[in-house]
Amino acid sequence: MEQSFGCWELVGGWPGGTVTGLAVSPDFAHNGTFFAATMAGLYRSRDGGKSWQRVGEGLPGPFLTAVAVSPAFAGDGVVLVASLEGGVFRSADGGRTWVPGNFKGRRVNISALVISPDFSRDGVAFAGTMADGVFRSSDRGATWETRNFGLLDLNVLALAISPAFGRDETIFAATISGVFRSQNGGRAWREVAFPPEAAPVQCLACSPGFAEDGALFAGTEAAGVFRSTDRGKTWQPLGGALTGACINALALSPAFPRDRTVLATTESGVHVSRDAGESWSRCVELPGPLCLALAPTFPTGGPALVGLAQAGICRSASDLTNWQMANEGLAGRLLTGLVLSPVFAAERKLFAFGPGEGVIHSDDGGITWADASAGLPSRRGNDLAITPTFDRGGRLYTALPEGIWMGRRNGEAWEQVSEMPAQSLALSPVARDATVLAGTKGQGIWISRNGGRTWQSVETPFREKAVLALALSPAFATDRQIFAAVGRPDGGTIEVWQGDDGQWEQIIVHRAGGRGAVLAIPDTYPQDGRWYAAIGDQFYRPLTGAMEVRRWIRRPLFVGGSLARERPTVMDLTALPASGLGFLLAATNRGVYVSHDGGVEWHSINEGLLPRPIVAIAPSPDYASDRTIYALELGGNLWRLHTRM
């Protein structure tokens, strides 16, 4: 019997997130448009940065690092966005749909983007990378080629382009060792006389009147701000309050030739200078500002925006004295997992986690959230697991690079139970069984049979590899069956193994690359032997009826394939508790898919959800009665769906 699905509804979320790049429409006075690149996707504002909406059909989800808007945006709608490992993506419709740029098969880590002021005529854009120097596009971001002749340092942290680039072809690159300049459109570079002891240089900003005043500013990692007034030939340190400071971003007023206003961010907040950097004052104290953007109408009629680490965006209307958080609709948190309390129906408690975000919890079914990471050594959460007896003095376990930590009801009173740098966790599903399994990166699988007090190594044939995912049989207390997906950190071959302490069989070998894997073990596994796996855009299922196969061989054979023609990447996989009927749910970068026949055919169920990237999906622990499914969107929004038979 198939189930019918209604419309997804937004439950709530934890606004904010890490904002790595900001860009403003040149036609801001008419369209009020800003773009914000976050570690969890791209967002657009059409009301001057007050509220935000996710954009980007065809855009990769996490780890965006930079965004740039065409000077002719009002006419061509071109936006470029960079991802840490996916290169540059281009939109020609204001950010609605995206296509990848062609880097000729190279995998590059983009750190900076700039677009020619004459983009509508020359189609030129530049991308700075973390290890491959500078790339140039002359066809509006469609194809990219290296431009590194004379660029002696290929670790580019920032780019700045002359406002008169159409005439002078001048562009600057900030690197770990200093500053380089090209005066022929990136065809050749030469290092300028920036003080080497002040490097690395983290950010650059050209004067809007660069053709006349030759003014250029550079922010350093530990030596404050430097200024050049001769097109980068010579530099002087700017003292005052920023002497020796770490400068993350610089922005010059659009009216800089007249008002001499410069903004700079440090680790403690935003500073402003009204005399071209000679003196500074802090205009707002903020946690971890990373980027800046000023409206073209600043300071008389436009806002200033600051992108923050974890906390989202802070906004000042124009005078730099009244700052307010502006996170409405901005769900930019890098949360990757969702765990519901075993008695969720009664207490409405759930948890989410992710690298850089730690652990958060909600006591009202996901409407509001609070931090639950106090007492943990970092926020680099790799996994989270909850015991079946959580409501009766049970425990939470979280896997961190610093080890395994155990907590109680709301994530308080965390205590370390292992120093192993854990990647994945699995707990026995039996209430009276205190077994905890931990997968590591190069140290195999470890098991504790007493809730984490002591640990023993599990004998495996893949100890030197990273254990990406772990799962246990629902009858683990008797059959001791463990499922493990393992691979190398470089994204090569991923293998899935099944076995116990000492006896293992390799079931799946995935050679198409990938950095993650998910496993789903239905509650009917002890009866029919069915289980499932997903790696990248490939889903793996038993080739035939598992009961028939198990009569002839020890393990069922598996076959792989994509869920749909668009080949969505599977982020999470779960089996609905449906008495062996083969109901499966897949969370993907294109929304949620369902299968009613054990993964043979899949159908999208995205009404009300759109093709949003979903990183985790979980049926209610009381699904048999409430028929409710929860989905965690990349960025932190929680969605809910009711099903019907």
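Here are some friendly questions and answers about the predicted model shown above.

User: How many salt bridges does a search of the whole structure find?
Analyst: Let's start with the general idea: side chains of opposite charge can pair when their charged atoms come close. In this predicted model, a search covering the whole structure gives a count of 20 salt bridges.

User: Is Arg121, which meets Asp118 in a salt bridge, buried or exposed?
Analyst: The N to O distance between the side chains of Asp118 and Arg121 is 3.2 Å. Asp118 has a relative accessibility of 27%, so Asp118 counts as partly exposed. Arg121 has 59%, and because exposed means over 50%, Arg121 counts as exposed.

User: How many residues apart are Arg187 and Glu169?
Analyst: These two side chains meet in a salt bridge, at 3.4 Å from N to O. Arg187 sits in the loop between strands S18 and S19, while Glu169 sits in the loop between helix H4 and strand S17. The pair therefore links distant parts of the chain, 18 residues apart.

User: Are Glu495 and Lys465 buried or exposed?
Analyst: Glu495 forms a salt bridge with Lys465, with the closest N and O atoms 2.7 Å apart. Glu495 belongs to strand S47, and Lys465 to the loop between strands S44 and S45, 30 residues apart. As for accessibility, both Glu495 and Lys465 are buried.

User: Which residue's backbone oxygen lies 2.9 Å from a polar atom of the side chain of Ser273?
Analyst: Ser273 lies in strand S26, and its relative accessibility is 0%, so Ser273 counts as buried. Leaving aside neighbours within four places in sequence, Ser273 is in contact with residues including Arg260, Glu278 and Trp280. The backbone oxygen at 2.9 Å from the Ser273 side chain belongs to Ser279.

User: What is the bridge partner of Val518 in S50?
Analyst: In strand S49, Ala517 and Leu519 point one way and Val518 and Ala520 the other way, and all are buried. S49 pairs with strand S50 in the antiparallel sense, over four bridges. Within S50, the bridge partner of Val518 is Ala534.

User: Are the rings of Phe194 and Trp235 stacked or edge-to-face?
Analyst: The structure has a count of 18 aromatic pairs. For Phe194 and Trp235, the ring centres are 5.2 Å apart and the planes lie at 80°, so the pair is edge-to-face.

User: Where is Phe351, whose ring pairs with that of Phe390?
Analyst: The ring centres of Phe351 and Phe390 are 5.8 Å apart with planes at 90°, so this pair is edge-to-face. Phe351 is buried, and so is Phe390. Phe390 is in the loop between strands S37 and S38, 39 residues away from Phe351, which is in strand S34.

User: Which residue is linked by ring pairs into a cluster with Phe483, Tyr525 and Phe558?
Analyst: Ring pairs need centres within 6.5 Å. They link Phe483, Tyr525 and Phe558 into a cluster with one further residue, Trp531.

User: Which residue lies over the face of Trp14?
Analyst: A charge sits over a ring when NZ of Lys or CZ of Arg meets the cut-offs, one of them being within 6 Å of the ring centre. At 3.7 Å from the ring centre of Trp14, the residue over its face is Arg333.

Key: Residues are numbered from 1 along each chain as its sequence is written. This is a predicted model: local features need pLDDT of at least 70, side-chain atom pairs count only at pLDDT 80 or more; totals for chains, interfaces and linings use all residues. Side-chain values use heavy atoms; hydrogens and water are left out. A salt bridge is a side-chain nitrogen of Lys or Arg within 4 Å of a carboxyl oxygen of Asp or Glu. Buried means under 20% relative accessible area, exposed over 50%, partly exposed in between (1.4 Å probe, protein chains only). Helices (H or I, at least four residues) and strands (E, at least two) are DSSP runs, numbered from the N terminus. A polar contact is a pair of N or O atoms within 3.5 Å; within protein, one must be able to donate a hydrogen and the other to accept it, and residues adjacent in sequence count only if both atoms are side-chain atoms. Contact means heavy atoms within 4.5 Å. Two strands pair if DSSP finds at least two bridges between them. Rings of Phe, Tyr and Trp (its six-membered ring) pair if their centres lie within 6.5 Å; planes under 30 degrees apart count as stacked, over 60 as edge-to-face and the rest as tilted. A charge sits over a ring if NZ of Lys or CZ of Arg is within 6 Å of the ring centre and within 35 degrees of the ring normal.
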